[in-house]
Amino acid sequence: MKPLEFEFRSYLEEVTYIEGELLTIRSAIREFNEKHSFKSWTRLIEGTSSYRDLRIRGNNLKLSEFRTEVNTHNLQETFERIESRESMFALSQVYEVFEGYLKRILQVFFELNPSLSSRLGKYEQLFIQNEKNGAFIKQMQRKDRNNKKLLWIVRKISKSYEKIEKENSSKIQLNIWFDLTSDIRHTIVHNRFKASNIFKSRLKENNKLKYFEIAYVINNQSIITTNRLKIERQISLLNSMAFLIMECLKKENSNTR
């Protein structure tokens, strides 16, 4: 198998595992609903948080004054909330898999085609200074958040990728959509799904709001919510980007032989 294809297959293998776990959640919820019937207002689960006063020994267990309860009245809402959270966690995981893939495939590409560093303009010298062991890729990633510089490298190497990123069968500008997905991943990981004012203001840029509304909703507590099917489509778009990057780099790689 050729090196660039190997990286893409490795990416797909890891993503497939993540999507399989996401499907397990939906299947478990469906089976639970089918096999169990409850009288109205039956309490199913009650939970509380606890801690210990480590300054003392013996009976030092403390319970908080807060409790959470799941009953037949709020069961469906609870399932939907769990599915939304786990779906978004899955997206954030796939995003990180994509991030690793992007770094690895560019590193492999430059190992095969060091002469194409001439397309990097002012960053060519940085490549020459940090060519070995992927140091150049790490340096470029540090120069901007959300992997923008790594995708900039792909565009510089392949004009065909730059074109299809903006004009493709999905009718989605992938560069803008990816920037939105980066913002969402940051919100999931660092802000507990809550859309900050900065996040909301960034939705007004370009066509981000339109792309956001395809898959997400912000509720009255400013929490971003979604469902499994919508997230699967978002993951599929990441997979499509990964494929396009491989194919466009393969084309440039073959031109150097």
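Where is the place of Arg26? In this predicted model, in which local features need pLDDT of at least 70, side-chain atom pairs count only at pLDDT 80 or more, and totals for chains, interfaces and linings use all residues, Arg26 is placed in helix α1 (residues 3-35). Residues are numbered from 1 along each chain as its sequence is written, and side-chain values use heavy atoms, with hydrogens and water left out. Helices are DSSP runs (H or I, at least four residues) numbered from the N terminus, and strands are runs of E of at least two residues.

With a relative accessible area of 24%, Arg26 is partly exposed, a class that lies between buried (under 20% relative accessible area) and exposed (over 50%), for a 1.4 Å probe and protein chains only. Neighbours within four places in sequence aside, Arg26 is in contact (heavy atoms within 4.5 Å) with Glu83 and Arg228. Arg26 and Ser117, by C-alpha to C-alpha distance, are 46 Å apart in space and 91 residues apart in sequence.

Asn130 is located in the loop between α3 (124-129) and α4 (135-142), and Asn130 counts as buried because its relative accessibility is 18%. When residues up to four places away in sequence are not counted, Asn130 touches Ala135, Phe136 and Gln139.

Two helix pairs were examined with axes that are lines fitted to C-alpha atoms over the stretch in contact, the angles running from 0 to 180 degrees between N-to-C directions. The axes of α2 (residues 75-112) and α5 (residues 148-157) come within 10 Å and cross at roughly 40 degrees, which means that α2 is oblique to α5; angles under 35 degrees count as roughly parallel, over 145 as roughly antiparallel, 65 to 115 as roughly perpendicular and the rest as oblique. The crossing of α2 and α5 is left-handed, a term for a near helix turned anticlockwise from the far one by less than a right angle, right-handed being clockwise. In this pair, Leu102, Lys103, Leu106, Phe109 and Phe110 of α2 meet Leu150, Leu151, Ile153, Val154 and Ile157 of α5. By class, this contact has nine nonpolar, no polar and one charged residues, where Ala, Val, Leu, Ile, Met, Phe, Trp, Tyr, Cys and Pro count as nonpolar, Asp, Glu, Lys and Arg as charged, and the others, Gly among them, as polar.

For α7 (residues 174-190) and α9 (residues 208-215), the axes come within 9 Å and cross at roughly 60 degrees, so α7 is oblique to α9, and the crossing is right-handed.
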